Amino acid sequence: MLLDYTQSSMSTYTADCSGVASALYELGGMTVIHDASGCNSTYSTHDEPRWTTMPSAVFISALTEMDAVLGNDQRIIDDMVDAATSLTPAFIAIAGTPIPMMTGADLKGIARLVEQRTRIPSFAVETNSMRAYSVGAAKAWIELARRFVLPTEPRAGSFGINLLGVTPLDFSTGPMLESLRQVAKRAGYTINTCWAIGDKLEHLAGTAAARVNVVVSASGLPLAQSLERAFGMPYVCGLPVGDLTPRWHAAIEWAARHRQSVTTEQFFGQERGGTEVAILGEPLQAAAIATTMNLAHPGTARALSPLPSLGIDAPILTTNLSEDMIRETLRGTRVLVADPLFDLIAKEANVTHTVAFPHEACSGRLYRDMMVNPFDHQALGRFFDQIFAE
């Protein structure tokens, strides 16, 4: 069983199967989470803020005990075919959970049989609910890109970029994405596609028409690497947070001109930060905020994340931390900037102060009104003032 670590003091992050559903939510497909009856409520209630405002064909297979014991895959195949016949989705995705993993369900085989019967592109995303949402989102986007992204020459007369790695789990439902779009617009860039909020499948098919892929969360990096191998598209792995914005612009221009990618380590440099402040959250956001803080206050902050790096590596960032590792790493830290659910661990590690930095994939909608928009200069300034006031 693939299991990164267990939790004892706090809740887990959104699981990989929910990451699949979130990544594909707006694209006109049908997503089936292969799990026990009733488990769709976990996704719809806790992991999907769009559930009450935007329809999407996300289903549960309603696996019964006898289905699991006897390996009755025929029922789920028939149910998927019936639903697809009624809904005619653009594609069908099936994601796994612990029970089908333990019984050895052949998700790829199920997807092939469903595609044969429906003539609708179908694919399996190998998840098991034992890893973070970012893993599932990354796998889902890669499978989608393999099926739908077409070889296309960059459009003449415009500087198009793709934003890779956008879900409400990292960008919430507030103004973060719109602020990021505005930063790109002011720099003269056209958003060719956004993987995958506010875009359509037919637009994503033209992803290769952009000049540069811009990775905006860890879940977008595996897709960027896949597109680089398939189409030679360079990517930039960084965020325009505060005083990093000019560096972000320069990196995109350099990548387009040289047709070479700018990795996280190249973007953030060799800065290791300090131990006074720890920024804990999504790997790329945490690294960007810590680096920006260090530009004004050298040697102050470092970035931490319990989430897998998925290739997001830089000296200032430590990822894939278990609870025990977080407690040990926080020894000697004065201020922890993290989702309020980490306050208990901060107390256990004798951290003096905490500053709320909510993360939808961690605490859901509990602290949504406290979300921080790092792409808004004034909001970021107030956030930093709060940190150094502690």
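Trainee: How far is the sulfur of C194 from the closest cysteine sulfur?

Mentor: The sulfur of C194 is 16 Å from the closest cysteine sulfur, which belongs to C237, and that is too far for a bond. Please note that this is a predicted model, in which local features need pLDDT of at least 70, side-chain atom pairs count only at pLDDT 80 or more, and totals for chains, interfaces and linings use all residues. Residues are numbered from 1 along each chain as its sequence is written, and side-chain values use heavy atoms, with hydrogens and water left out.

Trainee: How many disulfides does the structure hold, then?

Mentor: The structure holds zero disulfides, a disulfide being a pair of cysteine sulfur atoms within 2.5 Å.

Trainee: Is C194 buried or exposed?

Mentor: C194 is buried, with a relative accessible area of 0%. Buried means under 20% relative accessible area, exposed over 50%, and partly exposed in between, for a 1.4 Å probe and protein chains only.

Trainee: And C237, buried or exposed?

Mentor: C237 is buried, its relative accessible area being 0%.

Trainee: Changing topic, how many residues of helix α1 are buried?

Mentor: Nine of the nine residues of α1 (residues 16–24) are buried, so this helix is largely enclosed by the rest of the structure. Among them are D16, C17 and L24. Helices here are DSSP runs of H or I with at least four residues, numbered from the N terminus.

Trainee: At what angle do α4 and α6 pack?

Mentor: Helix α4 (residues 73–87) and helix α6 (residues 107–118) pack at about 40 degrees, with their axes 10 Å apart. That makes α4 oblique to α6. Axes are lines fitted to C-alpha atoms, for helices over the stretch in contact, and angles run from 0 to 180 degrees between N-to-C directions. Angles under 35 degrees count as roughly parallel, over 145 as roughly antiparallel, 65 to 115 as roughly perpendicular, and the rest as oblique.

Trainee: Which residues make that contact?

Mentor: On α4 they include I76, I77, M80 and V81, and on α6 they include I110, L113 and V114. Contact means heavy atoms within 4.5 Å.

Trainee: What about α7 and α11, how far apart are their axes?

Mentor: The axes of helix α7 (residues 133–148) and helix α11 (residues 221–231) are 8 Å apart, at an angle of about 25 degrees. That makes α7 roughly parallel to α11.

Trainee: Which residues meet there?

Mentor: The contact is made by A138, W141, I142 and A145 of α7 together with P222, L223, S226 and L227 of α11.

Notes. Helices (H or I, at least four residues) and strands (E, at least two) are DSSP runs, numbered from the N terminus.
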